[in-house]
Amino acid sequence: MPLGLIALAIGGFGIGLTEFVIMGLLPEVASEFAVTEAAAGWLITGYALSVVVGALAIPALVTRLPRKNVLKGLLALFVAGNLISAVAPSYELMLSGRVVAALCHGAFFGIGSVVAAGMVAPNKKASAIAIMFTGLTAANVLGVPFGTFLGQAFGWRSTFWAITVIGVIALAGILALVPRSAGAAADAPSLRAELGAFRAPQVWFSIAITVLGYGGMFGAFTYIAYVLTDVSGFASSAVPWLLVLFGVGLFIGNFVGGKAADRALDATLIVVLAALAVVLLAFALTAQSQLATIIALFFMGGFGFASVPALQMRVMRSAGSGAATLVSGANIGAFNLGNALGAWLGGLAIAAGLGYTAPIWAGAGLTLLALAVVIPAAAAVKRSASPTDADVAAPVCAGSGHPLPVDR
């Protein structure tokens, strides 16, 4: 395994920690800055919106630059944003730090996916992307509980100081371990070519699958604390440990999903999304049982994140002709749009008086919609992949009918 993948995973760990740890520290932050819970919530919402902006804008601006240099710049931006948060004397400056850090999030995972895939053989690309995303899953399993504990014990600013240090370590790792050849720009496509990739219908199918599939899992997860305490009957003190179990599912699912996607990309997505829909439906029906809830949490995390390497690999292959950077970033934005969509629908369901299990039903519905998109999209790919003379000269991507992207 190339050591550069470890450096990318460390960056992913820090970025994932920045995104999620604030949820456990909101009361302390709101208290220090004397703002309402709703205002404090913008530290989460503002971050998510900035992720989408950065995921689309930054790759478009740096398409001709060496990708290793771009990753270094993104991590420098990440360090600066968290440093601002750590020392912020006011809520407004704290929010600004969150926005600055978030701008690098989507671009890092989008460009990092291309770099990770460029460091390995063609039949290991999805696994390489999964290794990078292992940092994100580890942030949920280990980072968030530890970061919350650190913030509660020594003040919330200590958590952001710790994240700043992690960012510096990741930056040093990128400098030392990621080969320049993995980010070469000599043969990189122009912005026009990158934008042209969006003409491929399979790119839009892939983005839609990401929004719906990931939105289904996140919609069910957003209000999980209320389900665990008010429906399943767990004590509040048990919630962090149950979330660790969910995170273990994420970690395992990410690894297994990457391996499976290398063998059969669309088949993996179909199986994983179908399994996730079944788990969510079963969870919604049995949430009153603590044993059933424990089992469902693990498998919801497992199947929910098993789709991530396949979703990212699919959109990159769908771009074709090596023009994968911008669509890769756009798909990271799609993950966050899915987060917002799932959380919004779940909130509407609760507000309508349908109970705390309603977001799980909504998540199952979104997952089934994703399945309804991926099945015909996969069938179209299979039809376009029938052997021809041209196929012999230029192997066709599994997701698009375009030539395989050039390895960098």
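With which side chain does the side chain of D262 make a polar contact? The partner is the side chain of S127, at 2.4 Å.

The model is predicted: local features need pLDDT of at least 70 and side-chain atom pairs count only at pLDDT 80 or more, while totals for chains, interfaces and linings use all residues. Residues are numbered from 1 along each chain as its sequence is written, and side-chain values use heavy atoms, with hydrogens and water left out.

**View 1. The whole chain.** The chain has 16 helices and zero strands (DSSP runs numbered from the N terminus; helices are H or I of at least four residues, strands E of at least two). Of its 408 residues, 56% are buried (under 20% relative accessible area; exposed is over 50%, partly exposed in between; 1.4 Å probe, protein chains only). Among contacts (heavy atoms within 4.5 Å) with a separation of 6 or more, 84% join residues 24 or more positions apart.

**View 2. Surroundings of D262.** D262 is found in helix α11 (residues 239-263). Its relative accessibility is 17%, so D262 counts as buried. The polar contact with S127 is a pair of N or O atoms within 3.5 Å; within protein, one must be able to donate a hydrogen and the other to accept it, and residues adjacent in sequence count only if both atoms are side-chain atoms. Neighbours within four places in sequence aside, D262 is in contact with N123, K124, K125, A126 and S127.

**View 3. The loop at N123.** N123 lies in the loop between α5 (91-118) and α6 (125-154). N123 counts as exposed because its relative accessibility is 52%. Its C-alpha atom is separated by 9.7 Å from that of K259, 136 residues apart along the chain.

**View 4. Helix α9 against α15.** Helix α9 (residues 201-222) and helix α15 (residues 358-384) pack at about 160°, with axes 7 Å apart (lines fitted to C-alpha atoms, for helices over the stretch in contact; angles run from 0 to 180 degrees between N-to-C directions). The two are therefore roughly antiparallel (over 145 degrees; roughly parallel is under 35, roughly perpendicular 65 to 115, the rest oblique). The contact includes F205 and L212 of α9 and L366 and V373 of α15. Its residues divide into 16 nonpolar, seven polar and no charged (Ala, Val, Leu, Ile, Met, Phe, Trp, Tyr, Cys and Pro count as nonpolar, Asp, Glu, Lys and Arg as charged, the others, Gly among them, as polar).

**View 5. Helix α9 against α12.** The axes of α9 and helix α12 (residues 265-286) come within 11 Å and cross at roughly 25°. These helices are therefore roughly parallel. I209, G213, G216, M217 and A220 in α9 meet L273, L276 and L280 in α12.
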